[in-house]
Amino acid sequence: FMPFPQLAWICSVLWIVALVNAFNMLDNMDAASAGIAAIACAILVAFVLMPGAHAQPQLFVGGFLTVLCGALLGFLVHNRPPARLFMGDAGSYFVGFCIAGGTLLATYTTYEAGVRHAVLAPLCVMAVPLYDMFTVIRIRVREGRSIFKADRCHFSHRLTDLGMTRSQAVLTLYLTTATCGLGALLLPRVDTVGAYVVLLLIICILLLIHILEMTARRTIQD
């Protein structure tokens, strides 16, 4: 739906770079990045295979993401706490690149369907990875530190600052990802007003979590 191909290319490159780094940043606790990626893949598979605003089921993209989801589930058997295998930078970059590529290859609606807001589905599914990346960058810039230097200001770490165990923090990430992602399945089935409601619900969920975790972070710093 972009009138200029060059703008689409730029947005595509930024999307790939963002997801590659987002899943790398999520890889700070056992099973966090892989589990979120598996949930995201499962929701995207449901989106592209279920009848919706797109013309027909997208078997290639659905099959690709299904294979990736299966590989991630197999990896999680060994990556759950206490982890015996670790994803590392190469693994998290690969997963982020594959999901970014899958979301770009998918078709979310057609001109005839009249629901252009369905193209926002990947943003809903990737709400947690993008939220973690942007908040981490914001905290590091605000504190005058390099955005590439590892620290304990990630989404999962802020949840443990609330008093959660690591397992509870990872489960919270899973549930938040699933909740935001399920909203994406509604986008092709609602009108513009309904789409705004879905997006506002996702924003409210993230803002609620942000208020709680920032309060805990300030309490610990004081």
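Helices here are DSSP runs of H or I with at least four residues, numbered from the N terminus. For the expected span of a helix I take 1.5 Å times one less than its number of residues.

**Ground rules**

I'm working on a predicted model, where local features need pLDDT of at least 70 and side-chain atom pairs count only at pLDDT 80 or more, while totals for chains, interfaces and linings use all residues. Residue numbers run from 1 along each chain as its sequence is written, and side-chain values use heavy atoms, with hydrogens and water left out.

**Entry 1: helix lengths**

I started with α4, which has 18 residues. Its first and last C-alpha atoms are 26 Å apart, close to the expected 26 Å. Next I looked at α8, with 21 residues: I get 31 Å from first C-alpha to last, close to the expected 30 Å. Then came α3, residues 59-79, where 21 residues at 1.5 Å each should span 30 Å, and the end C-alpha atoms sit 29 Å apart, which agrees.

**Entry 2: which face of α3 is buried?**

I call a residue buried under 20% relative accessible area, exposed over 50%, and partly exposed in between, using a 1.4 Å probe and protein chains only. In α3 the buried list reads Val-61, Gly-62, Leu-65, Leu-68, Cys-69, Leu-72, Phe-75, Leu-76 and Asn-79. Looking down the axis of α3, I find these buried residues within an arc of 150°, so they line one face of the helix. The arc is taken over the directions from the helix axis to the C-beta atoms. On the other side of α3, I noted Leu-59, Phe-60 and Val-67 as exposed.

What covers the buried residues of α3? The cover includes α2 (32-49), α4 (88-105) and α8 (166-186). Contact, for me, means heavy atoms within 4.5 Å.

**Entry 3: Cys-69**

I zoomed in on Cys-69, which sits in helix α3. Cys-69 counts as buried because its relative accessibility is 13%. Setting aside neighbours within four places in sequence, I see Cys-69 in contact with Ala-38, Cys-41 and Ala-42. Cys-41 is 28 residues away along the chain, yet the two C-alpha atoms are separated by 5.7 Å.

**Entry 4: α4 and its partners**

Back to α4, whose buried residues are Gly-91, Ser-92, Val-95, Gly-96, Cys-98, Ile-99, Ala-100, Gly-102 and Thr-103. They pack against α1, α2, α3 and α5 (121-125).

I looked at the α1 pairing in detail. The axes of α1 (residues 5-26) and α4 come within 7 Å and cross at roughly 140°. Axes are lines fitted to C-alpha atoms, for helices over the stretch in contact, with angles from 0 to 180 degrees between N-to-C directions. The crossing of α1 past α4 is right-handed; that word applies if the near helix is turned clockwise from the far one by less than a right angle, and left-handed if anticlockwise.

From α1, I listed Ser-12, Trp-15, Ile-16, Leu-19, Val-20, Phe-23 and Asn-24 on the contact. From α4, they meet Asp-89, Ser-92, Tyr-93, Gly-96, Phe-97, Ile-99, Ala-100, Thr-103 and Leu-104. By class, I get 10 nonpolar, 5 polar and 1 charged residue in this contact. Nonpolar covers Ala, Val, Leu, Ile, Met, Phe, Trp, Tyr, Cys and Pro, charged covers Asp, Glu, Lys and Arg, and the others, Gly among them, are polar.

I flagged a cis peptide bond from Pro-81 to Pro-82, with omega near -10°. Pro-82 belongs to the loop between α3 and α4. I also flagged Ala-31, which has a positive phi of about 75° although it is not a glycine. Ala-31 is in the loop between α1 and α2, and at 6% relative accessibility it counts as buried.

Among the buried residues of α8 I noted Ala-169, Leu-173, Tyr-174, Cys-180 and Gly-183.

In α9 (residues 192-221) I picked out Gly-194, buried at 16% relative accessible area. Gly-194 and Glu-213 are 19 residues apart in sequence and 29 Å apart C-alpha to C-alpha.

Val-198, also a residue of α9, is buried at 8%. Beyond four places in sequence, Val-198 is in contact with Gly-183, Leu-186 and Leu-187; its C-alpha is 7.6 Å from that of Leu-187.

Buried or partly exposed: which is Leu-207? Leu-207 of α9 counts as partly exposed, at 48%. Its C-alpha is 9.9 Å from that of Tyr-131, 76 residues away along the chain.

Conventions: Helix = DSSP H or I, 4+ residues; strand = E, 2+ residues; numbered from the N terminus.
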